[in-house]
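Subject: Structure for your files, with notes

Dear colleague,

The structure is below, and my notes on what was found in it follow. Please read them with the model open.

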Amino acid sequence: MSDERESNVADQPPAKARRSPLVPPNDNFSEDEMVVKSFVDLVQRKIDDKILAAPRGQEGKNLKDAVLYPGFYIGCAVGIAQFALLRKAPVMLMRRIQTNHGAKPNFKESAAVKPFSVLFDGLLSTAMAGTVWILATDKQKLYDTVSNIPLIEDRSDISDNLCSDFIAQYDSIRPEFWKEYRDDGLSAIQQFVANCRKRRAFERRLRRESGMGDNDPVSIPSGGVPRDFVDDEEGEADWADLEEFEEDEGSSESFWTGR
């Protein structure tokens, strides 16, 4: 009996290795979808761990404006209009039928049915309002708003909590990917990472000029991070390294000319 049990165990296929969370069970995600999902997962983990809360201040105002205008208001208008139509149209239709049949047009919704019909009409109208809101949202405006958050003035909770992880994730992806795949979402991720680098470099300059420590919190002054800001700290460091290299060589051969 034990030999038969051992034989059955031996015949079983080996257990599969644990799959990466970026790979779906049916392998139907393309590479660009997996990359987008990896960044979305970063945000979701921050929210789940209660590290990233609802945006406040200038970044909250910018996001609220991008999300609500114009889609939300158009969706509300359509939802209200549909609810009014659903409440009035059936009654008007039944009264028209009564008139055509020579009866007095006095149709009214019964008290027993009215609560259910109101709820049903409300759910349909809410669903329609949400759909129109999504369809009418200016997605390019939303992408631009999100990607430019690192450039805003004062403190930015989103930048403080996401920039380091987004930069690390971006750097872990093969460089050719960003040339092979192009869409609005990926472009927004690229721009967000680029602006994160600008913000971090600008914060370094502010700390250096103010004599602050490397990890001291700093607020971006009014006007935000300049869009054309270029960090010259790395360039200065590279030149210093080259000068030290040439001095340490102690030979007559120049690093640049080879003479």
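Just after H9, Gly211 has a positive phi of about 70 degrees. Helices such as this one (H or I, at least four residues) and strands (E, at least two) are DSSP runs, numbered from the N terminus.

This is a predicted model, in which local features need pLDDT of at least 70 and side-chain atom pairs count only at pLDDT 80 or more, while totals for chains, interfaces and linings use all residues. Residues are numbered from 1 along each chain as its sequence is written, and side-chain values use heavy atoms, with hydrogens and water left out.

Overall content

Of its 259 residues, 25% count as buried. Buried means under 20% relative accessible area, exposed means over 50%, and partly exposed lies in between (1.4 Å probe, protein chains only).

H9 has 27 residues, which at 1.5 Å a residue should span 39 Å; its end C-alpha atoms are 38 Å apart, which agrees. The expected span is 1.5 Å times one less than the number of residues. The N-terminal end of H9 is capped by Asp183, with a side-chain oxygen 3.0 Å from the backbone nitrogen of Gly185. That is a polar contact (a pair of N or O atoms within 3.5 Å; within protein, one must be able to donate a hydrogen and the other to accept it, and residues adjacent in sequence count only if both atoms are side-chain atoms).

The structure holds 1 disulfide, a term used here for a pair of cysteine sulfur atoms within 2.5 Å. Cys163 and Cys196 form it, with their sulfur atoms 2.0 Å apart. It links distant parts of the chain: Cys163 is in helix H7 (residues 157-171) and Cys196 is in helix H9 (residues 184-210), 33 residues apart. The torsion about the S-S bond is about -75 degrees, so the disulfide is left-handed. Both Cys163 and Cys196 are buried. Cys76, by contrast, is partly exposed, with a relative accessible area of 30%.

Loops

Tyr69 and Pro70 are joined by a cis peptide bond, with omega about 0 degrees. Pro70 lies in the loop between helix H3 (57-68) and H4.

Lys50 is not a glycine, yet its phi is positive, at about 60 degrees. Lys50 sits in the loop between helix H2 (31-48) and H3 and counts as exposed, at 73% relative accessibility. Asp154 is another residue other than glycine with a positive phi, near 65 degrees. Asp154 is in the loop between helix H6 (139-147) and H7, and is partly exposed, with a relative accessible area of 42%.

Salt bridges

How many salt bridges does the structure hold? There are 11, where a salt bridge is a side-chain nitrogen of Lys or Arg within 4 Å of a carboxyl oxygen of Asp or Glu.

One of them pairs the side chains of Asp157 and Arg56 (3.2 Å, N to O). This pair links distant parts of the chain, with Asp157 in helix H7 and Arg56 in the loop between H2 and H3, 101 residues apart. Asp157 is partly exposed, at a relative accessible area of 31%, whereas Arg56 counts as exposed at 60% relative accessibility.

Arg87 forms a salt bridge with Glu109, their closest N and O atoms being 2.6 Å apart. Here too distant parts of the chain are linked: Arg87 is in helix H4 and Glu109 is in the loop between H4 and helix H5 (114-136), 22 residues apart. Arg87 is buried, with a relative accessible area of 18%, and Glu109 is partly exposed, at 28%.

In the salt bridge between Arg155 and Asp160, the closest N and O atoms are 2.9 Å apart. Salt bridges that share partners also join Glu31, Arg174 and Glu180 into one network.

Surface patch

Ile74, Val78 and Met128 make a nonpolar surface patch of about 200 Å². Patches are made of residues with over 30% relative accessible area and no salt bridge; like charges are joined within 9 Å, and nonpolar side chains (Val, Leu, Ile, Met, Phe, Trp, Tyr) within 5 Å. Accessible areas come from the Shrake-Rupley method with a 1.4 Å probe, and for residues only the protein chains shown count as cover. Val78 is found in helix H4 (residues 71-100) and is partly exposed, with a relative accessible area of 31%.

Regards
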